[in-house]
Amino acid sequence: DSASDKVFIYPNPNDGRFRIRYYSNAQNFNFLRTVLIYDSKGALVYNKQLLVTGPYSAMDIDIRNKPQGLYVIVVADDKGRHLAEGKVVVAR
């Protein structure tokens, strides 16, 4: 696969459980990425560091405790720089 600066979120829509993939072109893996999730009002509702072990490591997310709606997903590096952004719909 070729490199991409996009974040892949699936399934979308979902019930609050979904997976994120983002391409990392690092020479060595086993580092952390931060996943930030904002609700439609812009409030931060999820903030978690997840381990990246390969170019397209899957990051499993569970926000079933949050209400239905549109959420913005941000993947950030260890310095807090935003690397990619996407949207997900939680519908039950």
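Predicted model: local features only at pLDDT ≥ 70, side-chain atom pairs only at ≥ 80, totals over all residues.
Asp 60 is partly exposed at 48%, and Arg 19 counts as partly exposed at 30%. Next, pick Asp 15 and Arg 17, which are joined by a salt bridge of 2.6 Å, N to O. Asp 15 has 28% relative accessibility and counts as partly exposed; Arg 17, with 43%, is also partly exposed.

Let's turn to the core. In soluble globular proteins, nonpolar side chains tend to be buried together. Here, the largest nonpolar core has 18 residues. Select Phe 18, Ile 20, Val 35, Ile 37, Ile 61, Ile 63 and Ile 73, the ones that touch the most other members. Strands S1, S2, S3, S4, S5, S6 and S7 each give two or more residues to this core. Which residues does Ile 63 touch, beyond those up to four places away in sequence? They are Gly 16, Phe 18, Ile 37, Tyr 46, Tyr 71, Val 90 and Arg 92.

For the aromatic rings, select Phe 8, Tyr 23 and Tyr 56, which ring pairs link into a cluster. The count of aromatic pairs comes to two. In the pair of Tyr 23 and Tyr 56, the ring centres are 5.1 Å apart and the planes stand at 55°, so the pair is tilted. Tyr 23 is in the loop between S2 and S3, and Tyr 56 in the loop between S4 and S5, 33 residues apart. Tyr 56 counts as partly exposed, at 22% relative accessibility.

Last stop: Glu 85, in strand S7. Is Glu 85 buried or exposed? At 55% relative accessibility, Glu 85 counts as exposed. Setting aside neighbours within four places in sequence, Glu 85 is in contact with Val 7, Val 72, Ile 73 and Val 74. Then find Leu 36: from Glu 85, Leu 36 is 49 residues away in sequence and 9.5 Å away in space, C-alpha to C-alpha.

Definitions and conventions
Residues numbered from 1 in each chain as written. Heavy atoms only, no water. Core = buried A, V, L, I, M, F, W, Y, C linked by side-chain atoms within 4.5 Å. Buried < 20%, exposed > 50% of the residue type's maximum accessible area, 1.4 Å probe, protein only. Helix = DSSP H or I, 4+ residues; strand = E, 2+ residues; numbered from the N terminus. Contact = heavy atoms within 4.5 Å. Phe/Tyr/Trp six-rings, centres within 6.5 Å; stacked < 30°, edge-to-face > 60°. Salt bridge = Lys/Arg side-chain N within 4 Å of Asp/Glu carboxyl O.
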